[in-house]
Protein chains: 2
Amino acid sequence: MSHRFRSGPGRDSRGDARNRVLQPLRQRPCYRFPQMKIALPALDARVGDIEANASGIASALASRPACDVLVTPELAMCGYPPRDLLLRDGVIPQCEEAVRTLATNMPAGVLVLLGTPWSTAESSSRCANALVACRDGEVVACAAKRLLPGYDVFDDDRYFRPGDAPAWVDHAGHRIGLLVCEDLWQAGDVRERTDYQADPVAELVEAGCDVLVAASASPFVVGKHDRQRETVVRLARTHGVTIVTVNRAGAEDDLVFDGTAMVVDPDGTLRFHRAPFAADDGGVVDLAAPIGHIAVDEQDPREQRFRALVSGVRGYVNKTGNTEVLVGLSGGIDSAVTAAIAAAAVGGAHVTGVLMPSRHSSDHSVADARELARCLEMGGCLEVSIESIHDAVLSTLARAESDGGPPVAEGSLADQNVQARARGILLMAISNARGGLVLSTGNKSEMAAGYATLYGDMCGALAVLGDVLKMDVYGLAEWMNANHEIAGFREPPIPVSSITKPPSAELRPDQLDQDSLPPYDVLDEIVRRWIEEEESAGRIVDETGFDPELVGGILRMIDAAQFKRDQAAIIPKVSRRAFGRGRPWPVIGRPGAAPVWIPATSSS
Amino acid sequence: MSHRFRSGPGRDSRGDARNRVLQPLRQRPCYRFPQMKIALPALDARVGDIEANASGIASALASRPACDVLVTPELAMCGYPPRDLLLRDGVIPQCEEAVRTLATNMPAGVLVLLGTPWSTAESSSRCANALVACRDGEVVACAAKRLLPGYDVFDDDRYFRPGDAPAWVDHAGHRIGLLVCEDLWQAGDVRERTDYQADPVAELVEAGCDVLVAASASPFVVGKHDRQRETVVRLARTHGVTIVTVNRAGAEDDLVFDGTAMVVDPDGTLRFHRAPFAADDGGVVDLAAPIGHIAVDEQDPREQRFRALVSGVRGYVNKTGNTEVLVGLSGGIDSAVTAAIAAAAVGGAHVTGVLMPSRHSSDHSVADARELARCLEMGGCLEVSIESIHDAVLSTLARAESDGGPPVAEGSLADQNVQARARGILLMAISNARGGLVLSTGNKSEMAAGYATLYGDMCGALAVLGDVLKMDVYGLAEWMNANHEIAGFREPPIPVSSITKPPSAELRPDQLDQDSLPPYDVLDEIVRRWIEEEESAGRIVDETGFDPELVGGILRMIDAAQFKRDQAAIIPKVSRRAFGRGRPWPVIGRPGAAPVWIPATSSS
């Protein structure tokens, strides 16, 4: 293994300037823009498919002959997040071999900065999350990610050994500092508390870098890119350096990536900006061409959510080798929005709506669902009543009453769950018999409160709205209807009556969600503060003025439903904290006994 | 907050001896056994229930008036593993307050070593995983766990800041070194590779400690305690010090704890040993009384698994406030062993067996299941046929054929899954209608191969055998039958024909598991090596001599089933690597494309 990562990453390439600290660029009388054309492809590397990923990088390079520098996203070679696959014998050597092969096949003089795992001499158990600089067939520098996030969905410490020194590469008369994701963001983009000991950006500037390049695989969160853009503009101006960023695209399990790229001049001018989920135009960015600042408006959060969820669904469907999806349609808002997002992701023709009415379904349920199917130009719309299955389950149990079997009363919890599970059994049977991934339709507010049936409406591969609060589901509907052309629909996709009618599970006569749950605006506010912002109960009470009993009751309800969420479908993360991997929470513990319940009168 | 953890943990208590290195004890001409009586209660602290945990520690102290020192397990104050509950505002201060309250209420002169989270001045985002020494109303020393495991189920780095110096407390003429779990085991007990930089044991010996105390919350793994015992004996002898250990008891979600305790003299004599899952006798250990070495035989791995699973089921049922459990009985070995373990855990009278025969069930299925119910003295045995539900699902779908609904052929995958899901719906309805936790019965080999139906036989709160390979399920049956009195049964619990008949899912005529799967001894060997030992495909082929195509096919099958395991019930961990939290694995990635598939001819 010839290019093993050594102590003092990139030592060879920086040795000559080690003790010479360059004057910050912005203080120089005559700033010289880097004479450099840089390619920032929006790569969607697939976890584990090293051969395809290497080939994607080679293609990106071949199609941009004008570039002097090409930067891939973080871990573009193995795909991100590799999880425990990275611990397998052979995976890291294969990535290293792929890097060497790429290096020997790239045009002379071009610098390629590759995100890849890389062995380190310091550890036999963890590798570096590296940005490896290749040029003229050689690995000329290697930067190990220095700040390893361990909050939310991140567990970098499990796999990586942090770099302990800044690393850079000199190229075309410039000194390019190498950063990997958190080295630049330092958790500021998601407002997490950390205790990082180093400031990699400042150290690179101190070392004389005039260009900083950051390769990221930064999962989508509503509003995150805006904070990242502000961070880059601020840091470029503060340090008087050019900053270049590129993020991975596509989706991987529960994570969606926005594929953004930015170049900001030392005076804070945004020279290049690829917006979240925008197509990669295949071009290169000239760092020296005269330009004006690109004005970027903050995107409507509803549009951000829409684009992220579309990308999440598309990624999941494509990468699992599927083309078709199935959505159970109730006529309500959640299933309508889920189906519309699915149609935007894979095309309406590949979506089949399944209507499963019961004795408790209202007339408008079927009509609204059929109207939705028409608006979305769905490939199929099946109507299958659950009545005979519902009856069969109840009569089967009734026959066992002499044996000690329990009576199941109409309208009881058991009876309601039987109906939800009859729908689950039908959806899964249709999926098994003719293919198509089942998308589940529950929203985050319901998942929080446990207002969902395990093995019933929770059935599915992907819980599309599992990280979207109920009021934001309405927001998505309204945005799609008001912007149907931008969203890719021929007409406003969501039937108005699905938006206006009061939410109901329709599992017993005249049932309304609000019989069992607080009003959604109240529930959502508490879920947002408790789950997404991780506020204490005391602070929630103080800041909202809600009744402490109400708040305490909802928080207990949320904790008590953890056992359901533990078995939920994958939830595409779009908020600061989604249910799932990023929120490990005790199931049988008694968090309710902890002081989180005690309303504080002082703000905390 | 008065007793905040300061830089240089326990500095006050060790200052006077900082630069004086004591001669190792075993080199002293006349070794003086510590004049000390030590209490090592097997506490089962509950995550989040700080008040109850503090009260449990106070009771343990009150009931052992003869002790000079009491040691709790790791994080006994908040319960282990606290997961993200620890990040909530208010939780750590409540633990600290509980420590201070305990300290002011303990008998004069007694030293209590408390496992608790503790604030550190060095970090606002992470606390110490501390062992806090209290005496005479004061916190006299505080050790922060130094080695933070990040492998398998551990994510200590997410929550804790590592201690950077050894900490001890002088008491009764002895210097007691403080260790938290991994500080002592250093991953040797589970044979994991790590890159720990410190050797906390050696540093404490160097600092002159003659007694080392290690508080653990070390999850059960078959064989782990034997390795831990060997480690303690070796280290005590090597360093010439007394080593004292205590582990937590009980179960918490997917983890089971053996409640062991050990005291080993400086010459390697095992002075005290509480065996895995043994009752706490409430006594104290006199470190000076003349004794002989306690001989400990390694426990039969089958008995270890049995005791661990019984503890796991009991913990889950009790801590969720349940008393009753439901098990679907097929007459096969998996459901029989699951039900027997449940009966051992909560009493046969609290177990209800549910027989759910179909057109494909053999005559002996019902007979064997009824015989099992009799042997286990089950509280109930319900028989409910799935026929009418199965028929209702198929006829519902047939009615939709004109609408484009798919035909479901008898014996097809869809048809088989409908049957499994009809059973799921019945079990869950019975659970909803009359209470009782559903235990699922699938074993690790099936979970690996994906030979299980999501929302069908995978329904349940706890997958009791989800970390037990099929051949080890037979081993459990044989051990229970051969040792039924030790196991707590009146007669051998498992019907012989459940052991001898060939495994079948009975979802189509004359079906046998071996029609779809390789022989279980082959499958188990591959699963054990691939999942539990994390061997590469090449090494598996080399060492087993199995056909590379067969191995590759099974490994692809395992990866392809990750989406099912992602939605599985909680699996009590008993092996080195269980499915679940300790094995984060990509779902939609293509790990199959990584070189793990390439058979290596050289051993790796």
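Two strands are taken as paired if DSSP finds at least two bridges between them, and helices (H or I, at least four residues) and strands (E, at least two) are DSSP runs numbered from the N terminus. The structure is a predicted model, in which local features need pLDDT of at least 70 and side-chain atom pairs count only at pLDDT 80 or more, while totals for chains, interfaces and linings use all residues. Residues are numbered from 1 along each chain as its sequence is written, and chains are lettered from A and ligands numbered from 1 in the order in which they are written.

In chain B, strand 12 (residues 261–264) runs antiparallel to strand 13 (residues 270–274), and 4 bridges join them. V264(B) stands opposite L270(B) of strand 13. The two strands form a hairpin with 5 residues between them, and G268(B) in the turn has a positive phi of about 90 degrees.

Chain A is assigned domain 1 (11–15 + 36–287) and domain 2 (304–597), with bounds from an automatic or database domain assignment. The C-alpha centres of these domains of chain A lie 37 Å apart. Their contact (C-beta atoms, placed from the backbone, within 7 Å) takes 17 residues from domain 1 of chain A and 21 residues from domain 2 of chain A. On the domain 1 side, strand 10 (249–252) and strand 11 (255–258) of chain A each supply at least two residues; strand 10 of chain A gives the most, with 3 residues. This side of domain 1 of chain A divides into 11 nonpolar, 1 polar and 5 charged residues, where Ala, Val, Leu, Ile, Met, Phe, Trp, Tyr, Cys and Pro count as nonpolar, Asp, Glu, Lys and Arg as charged, and the others, Gly among them, as polar.

The contact between the chains takes 92 residues from chain B and 93 residues from chain A. Elements giving two or more residues to the chain B side include helix 3 (91–104), strand 4 (123–135) and helix 8 (301–319) of chain B. Helix 12 of chain B gives the most, with 14 residues. By class, the chain B side has 42 nonpolar, 25 polar and 25 charged residues.

Chain B can be laid on chain A with an RMSD of 0.0 Å by a turn of 180 degrees and a shift of 0.0 Å along the axis, the copies being superposed by least squares on the C-alpha atoms of residues with pLDDT of at least 70 in both. The two copies are thus related as by a two-fold rotation axis. The same surface serves both copies, as 100% of the contact residues of chain B recur in chain A. Q567(B) comes closest to the axis among the residues of chain B, at 2.2 Å (C-alpha).

Methods. Two residues are in contact if their C-beta atoms, placed from the backbone, lie within 7 Å.
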